[in-house]
Amino acid sequence: QVQLVESGGGLVQAGGSLRLSCAASGSISSINFMGWYRQAPGNQRDLVATSTTGGITNYADSVKGRFTISRDNAENTVYLQMNSLKPEDTAVYYCTARGALVPGTRRFTSWGQGTQVTVSS
């Protein structure tokens, strides 16, 4: 009932930048949490950055100072600005959102299909 569509991945050289976007649509009453996770081949899916509607953000230590998460609450969209990219940032990046559905108080947790980010050395 809630779809997340990511965009903005691609191939970039080390030191470069990319901006990921994720737009949520569907029977959404409210979203209280949006975030980005990533998964490299053979690894588990790890937190990259998260943001609550109240403005609280959280970052993995490995991306602090390089990545910035931001949101457009009116558009149910979350962004991830990635600067100073490193080869170890190479992974599939997934968007996630949690909130409430219309009507009533049913909750949802949704994931996007993932977007590939490849950083060459």
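## Disulfide and salt bridges

C22 is buried, its relative accessible area being 0%. The model is predicted. C95 is likewise buried, with a relative accessible area of 0%. A disulfide joins C22 to C95, with an S to S distance of 2.1 Å, and the count of disulfides comes to one. The linked parts of the chain are distant: C22 belongs to strand β3 (residues 18-26) and C95 to strand β9 (residues 91-101), 73 residues apart. The torsion about the S-S bond of C22 and C95 is about -80 degrees, so this disulfide is left-handed.

Three salt bridges are present in the structure. They are listed below.

| Side chains | Distance, N to O |
|---|---|
| R38 and D89 | 3.0 Å |
| K64 and D61 | 3.1 Å |
| R66 and D89 | 2.8 Å |

The salt bridge of R38 and D89 ties together parts 51 residues apart in sequence, because R38 lies in strand β4 (residues 28-39) and D89 in the loop between β8 (77-82) and β9. R38 is buried at a relative accessible area of 13%, and D89 is buried at 1%.

The salt bridge of R66 and D89 also links distant parts of the chain: R66 sits in the loop between β6 (57-59) and β7 (67-72), and D89 in the loop between β8 and β9, 23 residues apart. R66 is buried, with a relative accessible area of 11%. Through shared partners, salt bridges join R38, R66 and D89 into one network.

In the salt bridge of K64 and D61, D61 is exposed, with a relative accessible area of 65%.

How values were computed:
Residues numbered from 1 in each chain as written. Predicted model: local features only at pLDDT ≥ 70, side-chain atom pairs only at ≥ 80, totals over all residues. Heavy atoms only, no water. Disulfide = S-S within 2.5 Å. Helix = DSSP H or I, 4+ residues; strand = E, 2+ residues; numbered from the N terminus. Buried < 20%, exposed > 50% of the residue type's maximum accessible area, 1.4 Å probe, protein only. Salt bridge = Lys/Arg side-chain N within 4 Å of Asp/Glu carboxyl O.
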